[in-house]
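Subject: Structure handover

Hi! Here is the structure I promised to pass on to you. Have a look at it first, and then read my notes below.

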Amino acid sequence: MNMALSGIDQQASALIAAGRLAEAEALLRPALASGSGPIVLWRLLVQAIRPQGKIGEVRAIQEMVVQTLPGDLAARFDLSETLLLTGDFTRGWREYRFRYSLEHTARIERKVQRPRWEGQPLQGKTLLIHDEQGYGDTFQFLRMVSWARARSGARVILEINAESFSLAQRSSGFDELIVRGSLPPAFDVHCEMMSLPMAMQLQLSDLPGAGAGPYMTADPARLAKWRERLAHLPRPLVALVWAGRPTHNNDARRSMALADLAPLGASGATFLSVQKGPAAAQAATPPEGMNLLSLSDEIEDFEDTAAILCIADLLVSVDSSPVHLAGALGRPAWVMLPFVPDWRWLLERQDSPWYPDVRLFRQTKPDDWGAVLEAVGRELAGLKAALELTS
């Protein structure tokens with residue numbers, strides 16, 4: 001970096017960290033106006049313009065960086081998320097394999113002394129499929145296990161995290177289910193759950209959309225318990241989640257405080273807090289006018305959450321694992337999304353090809369939840385009125 005550019009990277013980094021994205025962009029653009037310049041500045045420009053929704057330019061820059069530095073795995077992973085966000089599944093899944101060996105994924109990488117499945121027939125062989133990342137990822141990609149067995153013809157062993165194990169027992173597509181961390185039986189090939197799309201060359205058109213049914217179910221005993229617990233409450237019953245996992249790299253943009261959801265209280269719905277984690281404490285002081293019952297301390301595991309979602313009329317949530325659980329259960333969910341969401345929600349559309357019963361409410365401006373909450377509140381009021389007409 002020459003002297004004229006000295007210090008720009010530090011200044012831009014500080015502006016980005018402070019959320020002053022437009023200022024960072026204005027600082028960086030003159031230094032890159034010739035179309036050349038240090039890669040570090042191009043990376044910073046991506047960080048400044050991606051949250052502003054300039055995805056076409058982001059993709060072009062990331063393509064250039066990968067072409068210049070093909071061995072930079074972080075750059076390839078970043079490109080994969082942009083490709084998937086824009087619906088380019090062909091290249092996106094291929095680049096997504098570079099998620100491993102990065103600093104934030106090295107702890108979940110599994111060194112397996114067997115080849116990875118690449119979609120070929122495996123009659124007479126055993127395929128180990130193992131989950132790898134967050135709970136939402138597991139719920140989302142569990143659907144593909146049965147597709148993999150049908151495609152491969154193999155005997156399938158599914159290894160899954162302990163928290164999702166009992167739910168997975170009532171799903172299908174595997175011949176044996178084991179808990180992550182246990183010693184698996186002998187197998188011939190393996191595949192991470194989130195590498196199944198690459199192995200099967202998954203396209204958007206392959207997703208079942210409106211014709212899909214649920215592939216997970218709630219435990220009957222938990223359903224009975226929660227039906228009794230919630231029987232006295234006036235409908236609609238709306239399960240509520242306002243914050244995701246705090247360590248998520250985009251959590252500041254995808255999560256809210258419960259106080260921010262005050263406009264929803266006017267709908268007259270009965271809200272059930274199924275929020276977990278540090279944000280659950282906010283349910284002790286709900287916004288004025290919001291009829292909120294906190295269930296957070298009563299929820300022991302995902303089995304409880306699944307049962308509540310099957311009894312509630314609706315889940316209203318930010319991008320979080322309960323959304324994927326609701327989708328897998330075939331339960332209606334309304335998801336409040338930041339201006340530039342996680343790749344799995346794609347761009348612009350109000351539905352999800354992964355889950356036919358999910359509706360998407362997107363920010364129309366970065367970091368502005370006002371229009372989203374207004375739209376959700378209006379729809380909730382309509383839901384309450386419709387239920388009153390049919391009761």
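This is a predicted model: local features need pLDDT of at least 70, side-chain atom pairs count only at pLDDT 80 or more; totals for chains, interfaces and linings use all residues.

Local features need pLDDT of at least 70, side-chain atom pairs count only at pLDDT 80 or more, totals for chains, interfaces and linings use all residues, and side-chain values use heavy atoms, with hydrogens and water left out.

**Aromatic rings**

A pair of aromatic rings is described by the distance of the centres and the angle of the planes. Rings of Phe, Tyr and Trp (its six-membered ring) pair if their centres lie within 6.5 Å; planes under 30 degrees apart are stacked, over 60 edge-to-face, and the rest tilted. By this rule there are ten aromatic pairs. Take Y96 and W343: their ring centres are 5.7 Å apart and their planes are at 65 degrees, so this pair is edge-to-face. Y96 belongs to helix α6 (residues 89–96), while W343 is in the loop between β9 (333–337) and β10 (358–362), so the pair ties together parts that are 247 residues apart in sequence. (Helices, H or I and at least four residues, and strands, E and at least two, are DSSP runs numbered from the N terminus.)

Are these two buried or exposed? Y96 has 2% relative accessibility and counts as buried, and W343 at 3% counts as buried as well. (Buried means under 20% relative accessible area, exposed over 50%, and partly exposed in between, with a 1.4 Å probe and protein chains only.) Both residues are part of a cluster linked by ring pairs, made of F77, F89, W93, Y96, F141, W343 and W354.

**Helices that cross**

Helix α11 (residues 220–230) and helix α13 (residues 302–311) have axes that come within 9 Å and cross at roughly 60 degrees. (Axes are lines fitted to C-alpha atoms, for helices over the stretch in contact, and angles run from 0 to 180 degrees between N-to-C directions.) The two are therefore oblique to each other. (Under 35 degrees counts as roughly parallel, over 145 as roughly antiparallel, 65 to 115 as roughly perpendicular, and the rest as oblique.) Their crossing is right-handed. (That is when the near helix is turned clockwise from the far one by less than a right angle; anticlockwise is left-handed.)

Where α11 and α13 meet, the residues from α11 include W226 and L223, and those from α13 include C310 and A307. (Contact means heavy atoms within 4.5 Å.) C310 is partly exposed, at 24% relative accessibility. Leaving out residues up to four places away in sequence, C310 touches A218, L223, L329 and R331. C310 and W226 are 84 residues apart in sequence, and their C-alpha atoms are 9.6 Å apart in space.

Helix α2 (residues 21–32) and helix α3 (residues 39–49) also have axes that come within 9 Å, crossing at roughly 150 degrees. This crossing is left-handed.

**Covered helices**

How many of the nine residues of helix α14 (residues 321–329) are buried? Eight are, so to speak, tucked away as buried, among them H324 and L325. Their cover includes α7 (135–141), α9 (162–169), β5 (237–241), α13, β8 (314–318) and β9. After α14 comes G330, with a positive phi near 75 degrees.

In helix α8 (residues 143–152), the buried residues are R143, M144, V145, A148 and S152. They pack against β1 (126–130), α7, β2 (155–160) and α10. G153 follows α8 and has a positive phi, near 70 degrees.

Most residues other than glycine have a negative phi, and most peptide bonds are trans. Q201 has a positive phi near 50 degrees; Q201 is in the loop between α10 (196–199) and α11, and is exposed at 61% relative accessibility. D367 has a positive phi too, near 65 degrees, in the loop between β10 and α15 (370–390). Finally, R235 and P236 are joined by a cis peptide bond, with omega about 5 degrees, and P236 is in the loop between α11 and β5.

Enjoy exploring!

Conventions: Residues are numbered from 1 along each chain as its sequence is written.
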